[in-house]
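Thanks, everyone. Please have the sequence and the 3D view open while I talk. I'll go through pockets, then a hairpin, then aromatic rings.

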Amino acid sequence: MESKGSVRGRRKAQPVFVVRSTRMGGLDYLHISLLALVAVLIGLAFALAYFQPGIVVNGCQYGVVNGTCVTLPYNDSQVLSAVGKALAGYANANSSLALLPYYSMLNRTTVSYVANSAEWIAIVPYIDPFSGNKTLNVTFILSNSLKVKQSFISMVNPPNAGNDTVVGLGTVALSGKSLCTYSKPIPVYFVTDPYVPGFIGYLSNTVNISSKYRGEVNMTYYFIASQYAVSKYSQYGSASTQNLMRYLACASPQSRFRQFVSNLSIAYSGNPLSNSTLHDMVLGSGLNVTSFNTCMVNVSSALAGQANIAAFYNVNAVPAYIVDCKYGSIPSVVEDAINYTLNEIR
């Protein structure tokens, strides 16, 4: 018989499980993974609940506000009535805009509503009688209560871009022309026809500008025969018509030219004056008669030279100004052109 000790010795060894601490509160990796998955699912549920699509409204011509279609406070007829009143307001404008009420085609107006800004846009076609009766547009922006906020008037495109360039208010840089080679006083050429409508006003204003910028501007007066003078030839003859140009050309270089212009304004009616009337103005203005008579001997050549200067600068509308040999301007804004040039050379 075998002893009990030998029997124990032949028993198979039993497996031993060793449990090690994970230092995670007693949870193993499986439990942690499950808890993380649950947290992700809960977060996803909240996200789906928060970002769920809103109400979709289809077929809203003017947009959606707070989930509902925008309703218009006025219909097209009411908008057109407001636009018609706005157009009629131009009838009292002291400009060519006074014609706008009579050339607008209100029945062809396009009306739109902008919901985001609560504004109406009305585009009204109109006929421009100054541009070969072309059809252009005037655009009104009206508030939600149909009050005009802004208006925009279209115009014809330029016939050609050309090479001249706008460089400042009242100042056009003439292509191919250079600034004069000397500094102040800068030369300014006033080019005009003595029969252009408003001539005395333009001339008097130019004399005032010359006085205002004394020491900074040297004003020269050029008198040419444009279509305004030519229109007088059939009634008065070319010699009598151009006689005023000759007197002006010889009076303008003298210091008493301002007085001559003042006397001229009394007798001038837009038509040629007699030689005797002009001669009396020379005497009455205190001009140097000797210098004046010397000038009159060669005045025809002087006038031809002035016409060549006007042609060189492509002056095709009078009155016009050439500032410092390069910049073109017109009476209403010539001081801006002068100031621009003076700032450039300082």
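Seventeen is the number to start with: 17 residues line the largest pocket. Nearest its centre lie D164, L174, N314, N316 and G328. Keep in mind that this is a predicted model. The volume of this largest pocket is about 470 Å³.

What lines it? Two strands, β11 at 320-323 and β12 at 327-329, each supply at least two residues of the lining. β11 gives the most, with three residues. By type, the lining of the largest pocket divides into ten nonpolar, five polar and two charged residues.

Next, the second largest pocket. Its volume is about 290 Å³. Here 15 residues form the lining. V207, S210, Y221, Q254 and S255 lie nearest the centre. At least two lining residues come from each of α5 (199-212), β10 (217-223) and α8 (257-267). Which of them gives the most to this lining? β10 does, with four residues. The second largest pocket has six nonpolar, seven polar and two charged residues in its lining.

Now the hairpin. Strand β7, residues 165-168, runs antiparallel to strand β8, residues 171-173, and three bridges join them. G168 has T171 in β8 as its bridge partner. Two residues lie between the strands of this hairpin. Look at G170 in the turn: its phi is positive, about 70°.

On to the aromatic rings. The count comes to eleven aromatic pairs. Take Y113 and W120. Their ring centres are 4.7 Å apart and their planes stand at 55°, so the pair is tilted. Are these two residues buried or exposed? Both Y113 and W120 are buried.

F199 and Y268 make another tilted pair, at 5.7 Å centre to centre with 55° between the planes. Where do the two residues sit? F199 is in helix α5, while Y268 is in the loop between α8 and α9 (275-284), so this pair ties together parts that are 69 residues apart in sequence. F199 and Y268 are both buried.

There is also an aromatic cluster. F190, Y221, F257, F260 and Y321 form it together.

Last, a charge over a ring. K177 lies over the face of F312, 4.8 Å from the ring centre.

That's my tour. Over to you.

Conventions. Residues are numbered from 1 along each chain as its sequence is written. This is a predicted model: local features need pLDDT of at least 70, side-chain atom pairs count only at pLDDT 80 or more; totals for chains, interfaces and linings use all residues. Side-chain values use heavy atoms; hydrogens and water are left out. On a 1 Å grid over the protein atoms alone, a cavity is a set of points where a 1.4 Å probe fits but cannot get out, and a pocket is an open set with protein on both sides within 12 Å along at least five of seven lines; lining residues have an atom within 4 Å of a point. Grid points are joined across faces, edges and corners, and a volume is the space filled by probe spheres set on the points. Ala, Val, Leu, Ile, Met, Phe, Trp, Tyr, Cys and Pro count as nonpolar, Asp, Glu, Lys and Arg as charged, and the others, Gly among them, as polar. Two strands pair if DSSP finds at least two bridges between them. Rings of Phe, Tyr and Trp (its six-membered ring) pair if their centres lie within 6.5 Å; planes under 30 degrees apart count as stacked, over 60 as edge-to-face and the rest as tilted. Buried means under 20% relative accessible area, exposed over 50%, partly exposed in between (1.4 Å probe, protein chains only). A charge sits over a ring if NZ of Lys or CZ of Arg is within 6 Å of the ring centre and within 35 degrees of the ring normal.
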